[in-house]
Amino acid sequence: MIRHLVLFKLNEGVERDDPRVVEGVERFRALDGKIPEIRSWELGWNFSDRPIAYDFAINSSFDDQDALRRYVEHPEHQAGVTLWREFATWVIADYEF
């Protein structure tokens with residue numbers, strides 16, 4: 001199994017209630033059940049106020065690297081990525097477990 005972690009940092013001046021952010025969260029929330037390769041799917045807002053903390057996280061799993069690749073290339077995922085690029089940066093970690 002592959003764990004796919006993504007941590008998002010909103011750009012300076014962008015708040016959680018920004019309509020683009022709200023739409024971005026909903027787009028990613030809706031991926032569970034739309035993309036068959038997804039085995040587990042969790043997402044949510046960070047509540048830590050530590051300065052090194054990121055703002056939003058996705059924690060997901062896939063059967064193998066090929067399934068992860070199909071997810072990454074899926075048009076629904078790419079639509080979400082395009083939207084998030086407008087207001088955030090992110091880091092990713094993929095590992096076997």
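## Glu42 on strand β2

Leaving aside neighbours within four places in sequence, Glu42 is in contact (heavy atoms within 4.5 Å) with Ala57, Ile58 and Asn59. Glu42 sits in strand β2, where helices (H or I, at least four residues) and strands (E, at least two) are DSSP runs numbered from the N terminus. The C-alpha atoms of Glu42 and Ile58 are 5.7 Å apart, although 16 residues separate the two along the chain. With a relative accessibility of 49%, Glu42 counts as partly exposed; buried means under 20% relative accessible area, exposed over 50%, and partly exposed in between (1.4 Å probe, protein chains only).

A word on the basis of all this: the model is predicted, so local features need pLDDT of at least 70 and side-chain atom pairs count only at pLDDT 80 or more, while totals for chains, interfaces and linings use all residues. Residues are numbered from 1 along each chain as its sequence is written, and side-chain values use heavy atoms, with hydrogens and water left out.

## The start of the chain

Met1 belongs to the segment before β1 (2-10). Its relative accessible area is 39%, which makes Met1 partly exposed. Apart from neighbours within four places in sequence, Met1 touches Arg39, Ser61, Phe62, Asp63, Tyr95, Glu96 and Phe97. Between the C-alpha atoms of Met1 and Ser40, 39 residues apart along the chain, the separation is 11 Å.

## The largest nonpolar core

A nonpolar core is a set of buried Ala, Val, Leu, Ile, Met, Phe, Trp, Tyr and Cys residues joined through side-chain atoms within 4.5 Å. The largest one here has 23 residues, and Phe28, Tyr71, Trp84 and Phe87 have the most contacts inside it. Two or more residues each come from β1, α1 (19-29), β3 (56-62), α2 (65-73) and α3 (75-84). Strand β1 gives the largest share, four residues.

Beyond its neighbours within four places in sequence, Trp84 is in contact with Phe8, Leu10, Gly24, Val25, Phe28, Phe56 and Trp90.

## The buried faces of the helices

In α1, the buried residues are Val21, Gly24, Val25 and Phe28. They cover an arc of only 95° around the axis, which puts them on the same side of α1; the arc is that of the directions from the helix axis to the C-beta atoms. As a reminder, an α-helix has 3.6 residues a turn, so residues three or four places apart point the same way. The cover over the buried residues of α1 includes β1, β2, β3 and α3.

Helix α2 buries Ala67, Leu68 and Tyr71, and these fall within an arc of 100°, so they line one face of the helix. Turned away from that buried side are the exposed residues Gln65 and Glu73. For α3, the buried residues are His77, Gly80, Val81, Leu83 and Trp84. Their arc is within 160°, so they too line one face of the helix, and they pack against β1, α1, β3, α2 and β4.

## Where α2 meets α3

Helices α2 and α3 pack at an angle of about 60°, with their axes 5 Å apart. Axes are lines fitted to C-alpha atoms, for helices over the stretch in contact, and angles run from 0 to 180 degrees between N-to-C directions. That makes α2 oblique to α3: angles under 35 degrees count as roughly parallel, over 145 as roughly antiparallel, 65 to 115 as roughly perpendicular and the rest as oblique. Tyr71, Val72 and Glu73 of α2 make the contact with Pro75, His77 and Gln78 of α3.
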